[in-house]
Amino acid sequence: MALYKVSFLAHLLVLGMFILVSTVEHVNACTKECGNLGYGICPGSEGSPENPICTNCCSGFKGCNYYSANGTFICKGKSDPKNPNTCPLYCDPQIAYSKCPRSEGKTIIYPTGCTTCCTGYKGCYYFGQDGEFVCEGESIEPKGCTQECDPRVSYMTCPSSGLAKLNQVCVNCCTAGEGCKLYDHDGSLLCTGEPQSITSTA
């Protein structure tokens, strides 16, 4: 009887591992072939109270909110990147900046390189060589990090090092590995590293 129980549990374990591997393999599995896209539009947050943008509510992108220099909400963008409105070309003096779901990266991507609908970023709209809308991106955009050393960091601990104190490290909150904790000179926690980071020299 005990042998049957062990055998049954072993089968359940193997089945569970198979389902887990299948799920991981099918998460955003994009092919490596190149697409034939012309350009992409990725509405991103722009401007600031000190450096205002030139736009108006009609031509502002849907999904973005527009604010004055003192932070007062002005309007929601009305232009769909897939089918832009015909809007008057003027700068609304009330609008200083926008807040959009995508906060980093270029608004216009041209050329798109080897991008496909699968590898294109979520929140971006991709168009063909003829200017016709093709698709929205499907992949999560990795976070771009600079390689500056944060002078506040005294030491860090990481799961991979057995939580030993790592001194004299050149790191910042963006480049820290997943699960690594950065500490100030007084021992207070500054931040914890997050997954899906890529480094950039920008």
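Trainee: Why does Pro-111 count as exposed?

Mentor: Exposed means over 50% relative accessible area, buried under 20%, and partly exposed in between, with a 1.4 Å probe and protein chains only. Pro-111 has 62% relative accessibility, so the residue counts as exposed. Pro-111 is placed in the loop between strand S5 (108-109) and strand S6 (125-128); strands are DSSP runs (E, at least two residues), numbered from the N terminus. This is a predicted model, in which local features need pLDDT of at least 70, side-chain atom pairs count only at pLDDT 80 or more, and totals for chains, interfaces and linings use all residues. Residues are numbered from 1 along each chain as its sequence is written, and side-chain values use heavy atoms, leaving out hydrogens and water.

Trainee: What makes up the largest nonpolar core?

Mentor: A nonpolar core is a set of buried Ala, Val, Leu, Ile, Met, Phe, Trp, Tyr and Cys residues joined through side-chain atoms within 4.5 Å. The largest one has eleven residues, including Ile-41, Phe-61, Cys-100 and Tyr-125. Another core, of eight residues, lies apart from it, with Val-153 and Met-156 among them.

Trainee: Which residues does Cys-100 touch?

Mentor: Contact means heavy atoms within 4.5 Å. Leaving aside residues up to four places away in sequence, Cys-100 touches Pro-43, Gly-44, Ser-45, Gly-63 and Cys-64.

Trainee: Where is confidence lowest in the chain?

Mentor: pLDDT is the predictor's confidence in each residue, from 0 to 100. Its mean is lowest in strand S13 (residues 197-199), at 40, and highest in strand S3 (residues 73-76), at 96. Where pLDDT is low, the predicted coordinates should not be read in detail.

Terms used:
Helices (H or I, at least four residues) and strands (E, at least two) are DSSP runs, numbered from the N terminus.
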